[in-house]
Amino acid sequence: MAPPALLHKTRLIKKSQREHLSVRAGQFCARWLMRIIPFADVNVTPANQSPDDPSIWVCNHISMMDIFFLMATSKKLRGKKARPIKIVYWKQLEANPINKIFFRSCGFIPVDMEANKAGETNSYDKKGFKKFLKLCKEAFSEGFDIGILPEGQLNPTPENGLQPVFTGAYTLAKMSRRPIRMIGLHGTHKLWHPKEEIGMTVTDRKVKVRAYPAGKPFENGDDFANTFTKIIGHFGAKGEDLPDSDLRKLLYKTKDEDEERNRKELSPSELEFLQSL
């Protein structure tokens, strides 16, 4: 991160340019570190759908290694020309000086929250919400996407699905009129586990990263939380997608063919009755 910081300090580049360069440098370093020291067997499944518009990316959170793998796989996962992502993070992570330098250099967006352990309920500082929205608006205008971890904390039991999902990503998407895109991670917790008693004891080296295509817009916060929980929770636990028919229903809000056929065969009065239930 030194060259972009030095260029900014000497006023040769703007703050937003420093952040762009820092994110790109971080992605490059993470990608090449994986090539030089292949400590994990990483399988990447891109969405094969280029995100032309500024987007909000949401992902499950199962390890302290998550951001590293998201940066290392970004080029293959989201495409060479994808907008860099500013990730929303817990401000107290800056207690680690390396995190502080890296996050601030990249212009990542902090949120204040009381200290807690993985699995415990989060308590956010609501006073900082206006500043958070302002930083997100600036990020979009400067050519960044936003990355959010809707569980709000590390999940110590990804094999059981997700932690409770916060709907802030939907609120931000609605206010900014930006689409939400989903990413699933599987296996990173086996390299660095959220549970302190396991920690960095490696139990497996297979990691999977999956980007999902943009589906229909979510109807409300509950729709977002339900869809994210079912799709990403299943991938995080199993390392594979839901059955294709179930995945399409959730992404594109499609109806089952038999269900649709039965509905067409109902009389108007029967349909009206069903819709009233």
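This is a predicted model: local features need pLDDT of at least 70, side-chain atom pairs count only at pLDDT 80 or more; totals for chains, interfaces and linings use all residues.
Is C29 buried, partly exposed or exposed? C29 is partly exposed, because its relative accessible area is 49% and exposed starts over 50%.

Now select C136. C136 is buried, at a relative accessible area of 1%. Do not look for a disulfide: the structure holds zero.

**Helix α5**

C136 sits in α5, so show residues 129-141 next. The 13 residues should span 18 Å at 1.5 Å a residue. The end C-alpha atoms are 19 Å apart, which agrees. Colour F132, L133, C136, A139 and F140: these are the buried residues of α5. Look down the axis. The buried residues fall within an arc of 120 degrees, so they line one face of the helix. On the other side, pick K130, K131, K134, K137 and S141, which are exposed.

What covers the buried residues? The cover includes strands β2 (56-59), β3 (85-90), β4 (109-111) and β5 (145-148), along with α6. Step just past α5 to G143, where phi is positive, about 95 degrees.

**The core**

In soluble globular proteins, nonpolar side chains tend to be buried together. Here, the largest nonpolar core has 62 residues. Select I56, V58, I146, F224 and I231, the members with the most contacts inside it. Centre on V58. Leaving out residues up to four places away in sequence, V58 touches I148, P150, A169, I180, R181, M182, I183, F224 and F228.

**Last stop**

Go to the loop between α6 (168-176) and β6 (180-186), and select R177. R177 is not a glycine, yet its phi is positive, about 60 degrees. R177 is exposed, with a relative accessible area of 77%.

Notes:
Residues are numbered from 1 along each chain as its sequence is written. Side-chain values use heavy atoms; hydrogens and water are left out. A disulfide is a pair of cysteine sulfur atoms within 2.5 Å. Buried means under 20% relative accessible area, exposed over 50%, partly exposed in between (1.4 Å probe, protein chains only). A nonpolar core is a set of buried Ala, Val, Leu, Ile, Met, Phe, Trp, Tyr and Cys residues joined through side-chain atoms within 4.5 Å. Contact means heavy atoms within 4.5 Å. Helices (H or I, at least four residues) and strands (E, at least two) are DSSP runs, numbered from the N terminus. The expected span of a helix is 1.5 Å times one less than its number of residues. The arc is that of the directions from the helix axis to the C-beta atoms.
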